[in-house]
Amino acid sequence: MSAGATVTKGAAPAWAPPRTVVIPVLATLAALGVGVLLITATGTSVPDAIAGFWDGMVGSSFAIGASINRAVALALVGLGFILANRANLTNVGGEGQIAVGGIAATALALHGAAGLPRPLAVGVPLAAGAAAGALWGAVAGGLKVRRRTNEVISTLLLTFVGLLMVYWSVQSENLLRQPMTSAATLPESLELPAATKLPTVLRDPGSPLHIGAFIALAAALAVGLVLARSALGVRLRAVGLNELASRRAGIRDGRLVVLALTVAGALGGLAGAIMLQGELWILTSGFTSGYGFDGLVVGLLSRGSVVAVIAGALFFGFLRSGGLAMEITAGVPAAVVVLIQGLLVVTIAGTAILTDQGRPP
Amino acid sequence: MTGEQVAVFLASSLRLSMPMILAASGEMVSERAGVLNMSLEGMMLTATFAGALGSWATGRPGIGLLCGVAAALVVALVQAVLSVTLRANQLVVGIGFNILALGATTFLYREIFGPLSREVIPGFAKWEVPLVADVPILGPALFRHVGLVYVGFALVLALWAGLRYTAFGLAVDAVGEDPRAADRAGIPVALVRYVAVLIAGLMAGLAGVFISVGDINTFTEGMTNGQGYLALAAVIFGGWVGGRTVAACLLFGTATALQFQLPAMGIAIPTAGLMMLPYVLALLAVAGLVGHHDPPAALTLPYRRGA
């Protein structure tokens, strides 16, 4: 956990510990270098691959919008991660929180919300997604406080339960599966009604950029303020640094743990709702496609800084888009992006010991 | 159910439990020494791919076995360096390895085999155990499997015996419960933990090879599909005790086999519910609602002399 970089703070110490910046940057460059080497090894011309990559990231208003939309989900999960991590909690359940958020948003959008006035038709499913995610986080928090269950294990197990719930929801006609008209009816939900879809931002009909970006920015601002400026932020940090001491100081650490994981879960659930209402519009098995784990990576790499979460989410959002485009145009498997991300986590988590040396106690 | 169906069901339950039994038994040793390998899934996936590749390239499943185990041991060694020597967060590093293994195996698979490959991997032949293979029901259920099943069970028993009756086994529990006291008593904490993680790697490697070379005879992307996580859950559910851990794996494997068996018998049951069952059971277990056991006291805690 980073005690160093809280970037939102006004009076920052004179250019705080550079190692927390230098090592992640070096690790990122090294991981990207490995990526380039692998692309070379496939025999693809590197300029072609990079051209495809670039095109997929920023080549058109569609590419840019899609990349930012991807970043939204990553940022929300990452923000939840750093919030809970301030209390020394590791929420690895983003993927499952996205899953249940997506289910709840789809359920509400298909059953009830579409008839409401426009802001509510969009807002109610979003809120339902956040609530479902919050419940998922709260279970982990409750288990942690009541049963001393490690939250890493519980959030991970809850992830699998959530993912299978999506599968279940789209397999069963009693749940969210579209009516079976023939044997070829796909196991997926109906398309969400137009009224529940997130409005797009630009007039350009080619751009899919939706208001999720503003929701994520608002969430970032809120998390930043809470962490840097509020009593709650101080308490979270106190619990994270020394549970016993903070309990002696009168902080109700149990409540804080549940609260932190609940909020983290809510942000994950909101991410799931935004994915469904923003671009996917149809609930399918496996719609989460690793966004929760990528969001975890973003949160981890940011070392507690809200600005770094946004930057990391944009980086990974564009990376994902570029990887997909590169696969189509240059034939390089997009899995190379996954590989780079894994390498990043291992290097940065593995070298934490170097980064943490010399940081203020 | 006819006798034949019973036999098929039992055989597939055992087959589906086997990777988890292998991986969980190795992981139990590592966890008793205080190191949690969240990377179990990644180790298994790496071995699944390396085993398939070795067997496909040489046409000899035995070479595939060696490749798979070697690859998993490499992952385990790096995991050990990070967890023990560099004292990294074991859970986070492990998840990183799982992402890395998924990316690397998918990438290599697409490059080497092509994305739509249906390449058949040369696999092990089934071995009919003399005398007992023809016993009705039990013969086909238990005694007509690939040799790796029997070798695997022998290794699992050897691990139990090793933990229980050898000096190394005592050392494992000592460094997992109280590394400082173990260090004072002259036990090389880091070495014991390295060996324990490598044992987890060896067993995860066998588990992975079993899936691709021993059982399904092909490779698909993300083939382990959460079985490594289930093995971790089985260790918790089994309360870090060998027999219970294997029983948990058998339970999970049977639940998986039921997904295929029940529809075949015309019983309509939401398969998702059965697939969810192992995770829910594991969740209840970690919540201490079903058979609570305390984990090794130093689990996931790195040890540094003088710290």
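Is Ile137(B) buried, partly exposed or exposed? With a relative accessibility of 34%, Ile137(B) counts as partly exposed; buried means under 20% relative accessible area, exposed means over 50%, and partly exposed lies in between, with a 1.4 Å probe and protein chains only.

## Basis of the model

This is a predicted model, in which local features need pLDDT of at least 70, side-chain atom pairs count only at pLDDT 80 or more, and totals for chains, interfaces and linings use all residues. Residues are numbered from 1 along each chain as its sequence is written, chains are lettered from A and ligands numbered from 1 in the order in which they are written, and side-chain values use heavy atoms, with hydrogens and water left out.

The predictor's confidence in each residue is given as pLDDT, from 0 to 100. For chain A the mean pLDDT is 87, and 93% of the residues reach 70 or more. In residues 1-12 of chain A, however, the pLDDT is below 50, and this stretch has 21 contacts in the model beyond near neighbours in sequence. A contact means heavy atoms within 4.5 Å.

## Overall form of chain A

Chain A contains 14 helices and zero strands. Helices (H or I, at least four residues) and strands (E, at least two) are DSSP runs, numbered from the N terminus. The radius of gyration of chain A is 21 Å, close to the 21 Å that the globule rule gives for 361 residues, so chain A is as compact as a globular protein of that length. The radius is taken over C-alpha atoms, and the rule is 2.2 Å times the number of residues to the power 0.38. Along the principal axes, the C-alpha atoms of chain A fill a box of roughly 65 × 50 × 35 Å.

Of the 361 residues in chain A, 54% are buried. Among its contacts with a separation of 6 or more, 76% involve residues 24 or more positions apart. Chain A exposes about 15000 Å², with carbon and sulfur atoms supplying 67% of this area; the areas come from the Shrake-Rupley method with a 1.4 Å probe, and for residues only the protein chains shown count as cover. The 22 positive and 14 negative charges of chain A have mean positions 18 Å apart. Lys and Arg count as positive and Asp and Glu as negative, while His and the chain ends are not counted; the charge is placed at NZ of Lys, CZ of Arg, CG of Asp or CD of Glu.

## Selected residues of chain A

Arg148(A) is located in the loop between α5 (118-147) and α6 (151-171). Its phi is near 55°, a positive value in a residue other than glycine. Arg148(A) is exposed, with a relative accessible area of 71%. Ser172(A) lies in the loop between α6 and α7 (212-229), and counts as buried at 17% relative accessibility. Ser172(A) and Ser189(A) are 17 residues apart in sequence, and their C-alpha atoms are 9.8 Å apart in space.

Met275(A) belongs to helix α10 (residues 253-280) and is buried, with a relative accessible area of 12%. Leaving aside residues up to four places away in sequence, Met275(A) touches several residues, among them Ala73(A), Ile98(A), Trp281(A) and Tyr291(A). Met275(A) and Gly102(A) are 173 residues apart in sequence, but 7.4 Å apart in space from C-alpha to C-alpha.

## Overall form of chain B

Chain B comprises 12 helices and two strands, in the order α-α-α-α-β-α-β-α-α-α-α-α-α-α. A compact globule of 307 residues would have a radius of gyration near 19 Å, and the 19 Å of chain B agrees with this. The C-alpha atoms of chain B fill a box of roughly 60 × 45 × 40 Å along the principal axes.

Buried residues account for 55% of the 307 residues of chain B. The accessible surface of chain B is about 12100 Å², and 68% of it belongs to carbon and sulfur atoms. The mean positions of its 15 positive and 15 negative charges are 7 Å apart.

## Selected residues of chain B

Ile137(B) is found in the loop between β1 (126-128) and α5 (138-142). This residue has a positive phi of about 60° although it is not a glycine.

Ser212(B) is placed in helix α9 (residues 189-216) and counts as buried, at 0% relative accessibility. Not counting residues up to four places away in sequence, the residues that Ser212(B) touches include Thr48(B), Gly51(B), Ile121(B) and Met223(B). Ser212(B) and Pro302(B) are 90 residues apart in sequence and 34 Å apart in space, C-alpha to C-alpha.
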